[in-house]
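Work through the exercises below with the coordinates open. Try each task before reading its solution.

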Amino acid sequence: MSFLLNVDVQDTGLCGLTSGGGTNGFSLPMGMPADFSCGGVLLSVGLHPWRTEGGWEHWMPRLREWAERDCVVAIGECGLDVMRGASMDVQMEAMRAQVEIAAKVGKPVIVHCVKAMEQLMVLRKEYVVTCNSRGWKPQTWVIHGFRGKPEQAKQLMAKGMRISLGHQYNIDTLRYLFTCGCPFYLETDDCHLPIEEIYRQASIRLGVDVCRLVSRCNPFVDLFRPVTS
């Protein structure tokens, strides 16, 4: 099975730090050296909203450099969190900068959003307008660790976003996503369970074969694709 490892841009170019497990992925007890070759591991790199205090702009040049790498298939986590991090205005500016980088390199965005859906909708609308005015293709935003109800998932998907479920989710949302035909994903996030177990449990709740579920929500088929020379 393929994996995607999420790394905060503040942990790139450093050693001896711990990077977080990301969408459809796992954790590695390491920081990312500047010359890290990826070794077949696919990465998402971004500045988490929890780490936006104290000059987020400083990290954007490094993020732009990493965003160009073939093994980096998504930007993020970035996003909005009213419970932690800098002020909402600062978090929104930091997210604007990161989704612009994603648009320029043509890669999707992994979004962390806690109690800030209204602000997220505002940013998405702004983003689409900006992309259209500059001739960029609006990229997919994936809402990771989604725990909301089906109605909220519908609203997000109507704005060009996709849903990723972790180990805690609304079972009605899982059923809706599986039956509606829209792309959706499963992930480990910060759970200790392997991604295989996340799929197994979801397949039992849906009453379907796990292979059918994997084929139905495999992000490495339609979203996270490494660049090949």
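Predicted model: local features only at pLDDT ≥ 70, side-chain atom pairs only at ≥ 80, totals over all residues.

**Exercise 1. Aromatic pairing**

Find how many aromatic pairs the whole structure holds, and classify the geometry.

Solution. 
- Step 1: Search the whole structure; one aromatic pair turns up.
- Step 2: Identify the partners, which are Y127 and W141.
- Step 3: Take the geometry: the centres are 5.1 Å apart and the planes make 45 degrees.
- Step 4: Apply the cut-offs. Under 30 degrees would be stacked and over 60 edge-to-face, so the rest count as tilted. The Y127 and W141 pair is tilted.
- Step 5: Y127 belongs to helix 3 (residues 117-134) and W141 to strand 5 (residues 141-143), so the pair ties together parts 14 residues apart in sequence.
- Step 6: Check burial. Y127 and W141 are both buried.

**Exercise 2. Charges over rings**

Which ring does the charged end of R124 sit over, and which ring does that of R69 sit over?

Solution. 
- Step 1: Start from R124. Its charged end sits over the ring of W141, 4.9 Å from the ring centre.
- Step 2: Recall that W141 also pairs with Y127.
- Step 3: Turn to R69. Its charged end sits over the ring of W66, at 3.9 Å from the centre.

**Exercise 3. The cavity**

Count the cavities of 30 Å³ or more, then describe the lining of the largest cavity.

Solution. 
- Step 1: The whole-structure search gives one cavity of that size.
- Step 2: The largest cavity has a volume of about 30 Å³.
- Step 3: Its lining consists of H167, Y169, I198, Q201, A202 and R205.
- Step 4: Sort the lining by type: three nonpolar, two polar and one charged.

**Exercise 4. L206**

Is L206 buried or exposed?

Solution. 
- Step 1: Locate L206 in helix 6 (residues 195-206).
- Step 2: Buried means under 20% relative accessible area. L206 has 19% relative accessibility, so L206 counts as buried.
- Step 3: Compare positions. L206 and T179 are 27 residues apart in sequence, with 9.9 Å between their C-alpha atoms.

Note on methods:
Residues numbered from 1 in each chain as written. Heavy atoms only, no water. Phe/Tyr/Trp six-rings, centres within 6.5 Å; stacked < 30°, edge-to-face > 60°. Helix = DSSP H or I, 4+ residues; strand = E, 2+ residues; numbered from the N terminus. Buried < 20%, exposed > 50% of the residue type's maximum accessible area, 1.4 Å probe, protein only. Lys NZ or Arg CZ within 6 Å of the ring centre and 35° of its normal. 1 Å grid on protein atoms, 1.4 Å probe; cavity = no way out; pocket = protein on both sides within 12 Å on 5 of 7 lines; lining within 4 Å. Points joined across faces, edges and corners; volume = space filled by probe spheres on them. Nonpolar A, V, L, I, M, F, W, Y, C, P; charged D, E, K, R; others polar.
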